Amino acid sequence: MQEFKCQIADVSKDFRTGQARITLTTDSNILNSVDELLDKALNCKLKRFRKKRSLDANAYFWVLCGQLAAKTQQCKSDIYRSLIKEIGDNYEIVPIKDEAVDTWCKNWERNGEGWQCDVLGESKLEGYTNVCCYYGSSSYDTKQMSDLIDLIVFECKEQGIETMTPDEIESMKAAWGNG
């Protein structure tokens with residue numbers, strides 16, 4: 001089943017079992033998809049809805065990243081990877097068994113260029129190491145992509161690279177909600 005936008009319509013408690021009961025309303029008709037899931041154990045993650053970023057935002061980021069790489073004689077992917085670590089709200093800290101850390105990091109980083117791991121050190125759990133796992137921009141929502149663009153714009157301005165005007169950037173960000 002695909003991800004869908006919904007709102008919590010009601011929350012109650014089943015007094016027989018003590019479990020929470022949550023009623024959702026959806027913006028689309030998902031009834032056909034739901035039939036196959038009835039009476040099955042499901043994974044569920046409720047998080048605040050954010051509109052997806054636009055491809056224009058992604059393209060603009062990479063144009064600026066290329067210009068910054070040329071100006072500073074750095075590798076474009078090194079710039080991208082360093083900015084990923086600066087935006088915040090784009091990582092998980094995961095305790096991994098000591099002997100599995102290298103394998104975990106290699107597998108995580110196969111997701112794409114921005115997907116990175118930093119080994120933080122010993123966990124409170126014996127035999128485990130904490131690993132900070134950064135998500136690449138391919139998974140970003142509008143807010144995260146906006147933050148990433150703000151960072152690349154700042155870096156470009158520091159190097160004297162011309163960028164869109166603040167009004168043009170804000171206009172592009174506003175268009176994300178419409179596209």
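Trainee: Where is Asn-43 found?

Mentor: This is a predicted model, to begin with. Asn-43 sits in the loop between α1 (31-35) and α2.

Trainee: Buried or exposed, Asn-43?

Mentor: Asn-43 counts as exposed, because its relative accessibility is 82% and the cut-off for exposed is over 50%.

Trainee: And what separates the C-alpha atoms of Asn-43 and Ser-123?

Mentor: The C-alpha atoms of Asn-43 and Ser-123 are separated by 27 Å, with the two residues 80 apart along the chain.

Trainee: Backbone next. What is phi of Asp-39 near?

Mentor: Phi of Asp-39 is near 60°, which is positive in a residue other than glycine. Asp-39 is in the loop between α1 and α2, and its relative accessible area of 85% makes it exposed.

Trainee: What about phi of Gln-73?

Mentor: Gln-73 is not a glycine either, and has a positive phi of about 55°. Gln-73 lies in the loop between α2 and α3. With a relative accessible area of 76%, Gln-73 is exposed.

Trainee: Changing topic to helices. At roughly what angle do the axes of α3 and α5 cross?

Mentor: Roughly 125°, and the axes of α3 (residues 76-84) and α5 (residues 142-158) come within 10 Å.

Trainee: Left-handed or right-handed crossing?

Mentor: The crossing of α3 and α5 is right-handed.

Trainee: Which residues make the contact?

Mentor: On the α3 side, Ile-79, Tyr-80, Leu-83 and Ile-84. On the α5 side, Leu-148, Leu-151, Ile-152 and Glu-155.

Trainee: How many of those are nonpolar, polar and charged?

Mentor: The contact of α3 with α5 has 7 nonpolar residues, no polar ones and 1 charged.

Trainee: On to the largest nonpolar core. Which residues touch the most other members?

Mentor: Phe-61, Leu-148, Ile-149 and Ile-152, out of 25 residues in that core. Leu-148 and Ile-152 are also among the α5 residues in the contact with α3.

Trainee: Which elements give two or more residues to this core?

Mentor: They are α2 (55-72), α3, β5 (128-134), α5 and α6 (166-176).

Trainee: And what does the second core include?

Mentor: The second core is separate and has 8 residues, including Cys-105, Trp-115, Val-131 and Cys-133.

Terms used: Residues numbered from 1 in each chain as written. Predicted model: local features only at pLDDT ≥ 70, side-chain atom pairs only at ≥ 80, totals over all residues. Heavy atoms only, no water. Axes fitted to C-alpha atoms, helices over the stretch in contact; angles between N-to-C directions. Helix = DSSP H or I, 4+ residues; strand = E, 2+ residues; numbered from the N terminus. Left-handed = near helix turned anticlockwise from the far one by under 90°. Contact = heavy atoms within 4.5 Å. Nonpolar A, V, L, I, M, F, W, Y, C, P; charged D, E, K, R; others polar. Core = buried A, V, L, I, M, F, W, Y, C linked by side-chain atoms within 4.5 Å. Buried < 20%, exposed > 50% of the residue type's maximum accessible area, 1.4 Å probe, protein only.
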